Structure formats: C-alpha cells, structure tokens
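Thanks for coming, everyone. I have one structure to walk you through today. Please look at the screen.

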Amino acid sequence: MSSTLSRWETGSNRRAFLRTAALAATGTLFSRPGFPAESIELPFENGRRALVKYPGKRELILLTSRPPQLETPFAVFNEGILTPNDAFFVRYHLARFYPEKVETASFRLEIKGNVKVPVSLSLADLQTKFEPVETTAVLQCSGNSRGFFQPRVAGGQLGNGAMGNARWKGVRLSQVLQACGLGQGARQVVFNGLDLPVVEKTPDFVKALDLDQVMEGEILLAWQMNGEDLPVLNGFPLRLVVPGYYGTYWVKHLNEITIVNEPFEGFWMNPAYRIPANECACVPPGTAPSKTIPIQRLNVRSFITSPASGSKLPRGREIPLRGVAFDGGYGIEEVLLSFNQGESWRQARLGPDQGRYSFREWTAASTFVIPGNHEIKVRAVNRAGHTQPMKPLWNPAGYMRNVVETVNVLVS
Ligand SMILES: Nc1nc2c(c(=O)[nH]1)N[C@H]1C(S)=C(S)[C@@H](COP(=O)(O)O)O[C@H]1N2
Ligand SMILES: [Mo]
C-alpha cells in the first residue's frame, strides 16, 4: 500500500497515525457491499442515498465512496450559522487520495516557479512567521444542487448539501508570496495537493488563480476550521481558502504552489469547471455554450432551513421561519419571503453580520389560517442588487444553481 502513496511521508506523529488507522478501518468497511442500511431520499428521481459514517464525520449522505463524496444532510443547516466540522461535506475527484500518512512534522509547502527564492515551509513556519488571520466563509461546490437540473445533467447528483460555512484560520497567501519575492512577469498562481489519480492518464487535480486576485489578500493558507485542525477529509493539514469563490479552487492537502507567467490550462481549469461566458452563466436547456470561462464567484442564494419541506403545521398559530443566505462577497442586503407564488414579498429579519463571505441567518414568523398545502418561497438580494431567478438557469455542467427555493408545508 505504501508504494502507491510514495508522496506521503510515513512517520510516528501520534495524531497523524491515529487518523491513519481510523481511515484504513473505514476503507475496508465501505468496500463491503450491502452496507449500510440507513438511507435518505433526496427530492429528485433516483435520489435514494445511503447514510454513512466516515472518520471524524457524523452520518453523511454518500454520493460515491471511491473517491469519497459525502453530502451534508440539509437539516444540519438549521443547527446554526457555522457548519460543524463533523457534518461538513466532502468532495474529491481522485480516488488514490487518502493522505493516509501525513506526518505534520515533515509536511512541507513548496513554493516555486517564478519566485526570487523558492521556499519550503513547514506548518510551524507558516504558523509562526506570518500573522494568523480568521475569516468566516462559505465553501460551496460548483455542482451543489445539480440533482435538481431539468433536463438532468451528467455529474454528481447532489442535493443542496454540498455547501458549508466555517471559520477558517490561516495566513494570507499574499504575505507568504511577498516574502518569497515574485519574479518579473508573474501572472498566475498554480495549486496542487497531495492527492493523486489512480491511473497515470487521469490528470492530477491542479487549479490556478490570477496573481492579481491572490494579491488582494483574502485568500488563506488555512490549517484550522471552526477552531480545530482541518478534518482529514477536508484537507488536513493545509488547504487553500478562497472566500467568495466556488469550492473547486479551495485545494486540499495543499503542498505545492507554482508561480507561472502564462495562464495555466491544465484539465481542471480547461475543459473542466467552465461556465458559459455570459451574464447568467446559462444556455437554453440541452444546448452547448459557444464560449466558456473558468467558474468564479458564488452567485446569490438563500434557503429555508425551518420549517422543513413536507412539515405539517398547526393552523392559526405563529410559526417561526428561519434560514440562511449568502453570495460571493458583496454581502446580503435583504431576504424576502413569499406565500403566494412570488406575487408579493415581505422582508425577513437578518441575523448578525458575520462578514460578507459568511452565511447570513434570517428569521421571520407567519401564521397560516387556511388549511391545506402552502408554498413558502425565499429570495435574497445582495448589496450589488443581484437576486435569484424564479425559473432555474441551465448549463451543461449543472453549475451555479440559484433558483428561488420553495418549501411545501401542510397546514391543518
Ligand atoms: N486536493 C484536492 N482539493 C480539492 C478537491 C480535490 O479533489 N482534491 N476538490 C475541490 C472541490 S471541487 C471542492 S467543492 C472542495 C470541497 O471541499 P471539502 O471536501 O472540504 O468540502 O475541495 C476542492 N479541493
Ligand atoms: Mo466542487
């Protein structure tokens, strides 16, 4: 086994070893067919999913086991504004992935390419030589909610649980790069992590961002999430945090940064993770875009987390309503609710502002007087005036879904 994991150091770091042991144990469990028995139904065709428990995680929705792709059960988003580490979703592209033996003491982040001095930084270097900063930010997969697309599109058929909000702690990538000194003509920053493909011809998961964006200073090299070490499955010991940008850029197990002078065009930048090059990032359903660009910032979304869809509610009693809204960094201006198919809207109350990249909580109350089925719709507006469409926008990869969400309740 260790020969297939040549890039991972073996070592005696106790905590790393314990993580290793736990992961190995689960690996065998999940290769056994017929396990487990518990399941959940996502509200679209072929939406039945197993609930499984991975190391450091509570029961999550299993999309694939090789590589691990786990979705957060939607009810978790009603627990609070931060998504607990053990409930945070997991997404990998490559199945030869487990950082089974990351020894924190020998872990190094290499910075090379067009820099004055190539450097090799330990975790201790990062933690002591630069100023630590914390940011609360939403990590959302480009394909979150893909399972709802009509017509259906290829790719992981996700419900709404491929997102989460956490408090990330790390150092500014811009500071670290400044310390290295950038060479003339540097244009992009390329990121690679420890995970590898199973077969040689699968391209390694490598992503790139423009240097200008990196130097704005919001991107972090992070080792903590919600006050704890990153869970193994969320990128231990170090990951990129790119506030406001889709999850694809948030490279996990980050160990290699390369400064380049030309736009990097590896498989995961082109043709993967591209959207139609137009205002809505959409095309008529079933058609292909003529021009594409790399996916970028999150568009604005909002959800009702309570009541859950399908709830039975008592008539004539005040019902508390609650949910979250977020966008790619403008911040949420208002959240609106409709009880009449979008004919009229009323404002929800916004919870405390945790920063423009965080989930923003909203609350409201409503008394339903008429028995029967009711639809509650939610729509957010950000500070740039962007809002959500009443009809879903479509693109071939099933990215960036942000239609106005509806919860159905039965009043009696
Ligand atoms: N090393 C590595 N980093 C990665 C990926 C990956 O496959 N390998 N997937 C990316 C994608 S598409 C997403 S949505 C996020 C998911 O982060 P999470 O698993 O911590 O939720 O990780 C990103 N970083
Ligand atoms: Mo993703």
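How many helices and strands does the secondary structure of the protein chain come to? Four helices and 26 strands. Keep in mind that this is a predicted model.

Start with the whole chain. There are 412 residues, and 53% of them are buried. The accessible surface is about 18,000 Å². Carbon and sulfur atoms account for 51% of that surface. Now take contacts between residues at least 6 apart in sequence: 70% of these join residues at least 24 apart.

Next, the inside. The largest nonpolar core has 76 residues. Which of them touch the most other members? Leu126, Trp168, Leu221 and Ile257 do. Strand β12, residues 220-225, gives the most to this core, with five residues. There is also a second, separate core of 19 residues, including Val300 and Leu313.

Back to Ile257 for a moment. Set aside its neighbours within four places in sequence. Ile257 is then in contact with Leu221, and also with Leu109, Leu173 and Phe191, among others.

Now the ligand. Around ligand 1 there are 19 residues. Phe89, His93, Asp195, Arg239 and Lys252 come nearest. Look at the polar atoms. One ligand oxygen is 2.7 Å from a polar backbone atom of Phe89. At Arg91, a polar backbone atom is 2.8 Å from an oxygen of the ligand. Asp195 uses its side chain: an N or O atom there is 2.7 Å from a ligand nitrogen. How much of ligand 1 does the protein bury? Taken alone, the ligand exposes 530 Å², and the protein buries 100% of that.

Conventions. Residues are numbered from 1 along each chain as its sequence is written. Chains are lettered from A and ligands numbered from 1 in the order in which they are written. This is a predicted model: local features need pLDDT of at least 70, side-chain atom pairs count only at pLDDT 80 or more; totals for chains, interfaces and linings use all residues. Side-chain values use heavy atoms; hydrogens and water are left out. A nonpolar core is a set of buried Ala, Val, Leu, Ile, Met, Phe, Trp, Tyr and Cys residues joined through side-chain atoms within 4.5 Å. Buried means under 20% relative accessible area, exposed over 50%, partly exposed in between (1.4 Å probe, protein chains only). Helices (H or I, at least four residues) and strands (E, at least two) are DSSP runs, numbered from the N terminus. Contact means heavy atoms within 4.5 Å. A residue is near a molecule or strand if one of its heavy atoms lies within 4 Å of it. A polar contact is a pair of N or O atoms within 3.5 Å; within protein, one must be able to donate a hydrogen and the other to accept it, and residues adjacent in sequence count only if both atoms are side-chain atoms. Accessible areas come from the Shrake-Rupley method with a 1.4 Å probe; for residues, only the protein chains shown count as cover.
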